[in-house]
Amino acid sequence: ATPTSIMVGIGRAAQMGVLFRKGDALQRLQDTRVVALDKTGTLTEGRPTLTMLRCADGFDRAGLLPLLAAAEAQSEHPIARAITAAAGADIPQATEVEAIPGYGLRATVAGQLVLIGAARLMTREGVSCAPFEAEAESLAARGATTLYAVVDGRLAGLVAVTDPVKEGSRAAVKAMAAQGLKVAMLTGDGAATAQAIADDLGIEIVEANCLPGDKVSALEALQKQHGALAFVGDGINDAPALAAADVGIAIGTGTDVAIETADIVLVSGDLRGAVNAIKISRATLRNIR
Ligand code: ADP
Ligand code: MG
C-alpha cells in the first residue's frame, strides 16, 4: 500500500462524509467479514416517541405520566426524552434518582417509589408484569420498545416508545449483504423488539438484551465465528465495543465518547457511509496489489 493511494482513498471517503481518524483503518477495513450494528441511534433515529401508555386499575395517564417524567428528567437516555416530551411542562421534582444501566431507573417522586424500565428490571425487583405481558409482546412484535412502570411496588403501567428506522438503514444493510458481509445487530433492547426490526431490515444475526459489557462478548463471539469485524455505534455504552472491534465506526451525531473511541466517523450518521468506506478500502488496496 503506497501512502499516496491511501491518502487518495481517505480523501475520497472524506468527500462522502466518512472521516478516517486513524490512517491504518483503511487497510484494516478491507479484511472485514462481519459488520455488527448497534440498534438505537445507529440503525434507528435514536429519537423515540411515546406511542402508548396503558394504565393499570387505580392509575391514570394524568397521574402516572408526570411521575415517570420526573424519574426520567435527569436521564440522557433516548427513552427518557420520549417520556419527558410526552409529559409536557408540569413535571414534579424527583429525589434519589438511581439509573440502573441496561435496566432502567428508580426514583422517589412525591413520596412514592417509582420504577421504570425493561421487564428484567421488574424481575430483579420481584414485581410481576403478567397483566401486561400479552400486550407488551404484541407491541414488541411490531418493533416498539416496551417498559413497565411500578409505583410503590404496584404495577402501574405499560409504556411503548417507537424509534423510527433511519432513512438509509435498509439500503445500507442490503448493500452490506451484497458486499458479502454478515450483518448483525447488537442491542440492549428486548429480543422481540430487536427481532422485529432485524426482520424488517433483513438483518441475519440478532443479539438482544445486551447489558453494557455484553456487546463486547457478543462481538468477540462473532469475530471467532466469522473473522474480522467492524462495529458501528453511537452511545456511551458502545465505546467498549468500538474499541474491541477490528474497526470501530462511530455515528457522527452520537456521543463524544463513541466518536473519540472510533477509527472512522460517519459524519451525518447515515450507515451507507460504512458501505462506501468498505468499498473504497477494497478498491484502494486492490489497485495497489
Ligand atoms: P440500548 O441503547 O441498546 O437500548 P441500553 O443499555 O441503554 O441499550 O438500554 C437497555 C434497556 O434498558 C432499554 O431498552 C430499556 O428497556 C432499559 N432502559 C435503559 N435506560 C432506561 C431509562 N432511562 N428509562 C427506561 N428504561 C431504560
Ligand atoms: Mg445506540
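I began with helix α4 and noted its buried residues, which are L64, L65, L67, L68, A69, A70, A71 and E72; I count a residue as buried if 20 or more other C-beta atoms, placed from the backbone, lie within 10 Å of its own. Helices here are DSSP runs of H or I with at least four residues, and strands are runs of E with at least two, numbered from the N terminus.

This is a predicted model, in which local features need pLDDT of at least 70 and side-chain atom pairs count only at pLDDT 80 or more, while totals for chains, interfaces and linings use all residues. Residues are numbered from 1 along each chain as its sequence is written, and chains are lettered from A and ligands numbered from 1 in the order in which they are written.

I then checked the length of α4 (residues 61-72): its twelve residues reach 16 Å from first C-alpha to last, close to the 16 Å expected, taking 1.5 Å times one less than the number of residues.

For the protein chain as a whole I recorded 13 helices and 13 strands, and I found that 49% of its 289 residues count as buried. The C-alpha trace spans about 70 × 30 × 30 Å along its principal axes.

Next I looked at ligand 1, which has 23 residues around it, with H77, G102, G104, A118 and G188 coming nearest; a residue is near if its C-beta atom, placed from the backbone, lies within 6 Å. The elements giving two or more residues to this shell are α3 (39-43), α5 (78-87), β5 (104-109), β6 (112-117) and β7 (145-151).

Finally, I noted that ligand 1 lies between domain 1 (3-45 + 165-288) and domain 2 (49-162), because both give residues to its shell; the domain bounds come from an automatic or database domain assignment.

Definitions and conventions: Buried ≥ 20, exposed ≤ 12 C-beta atoms within 10 Å, placed from the backbone.
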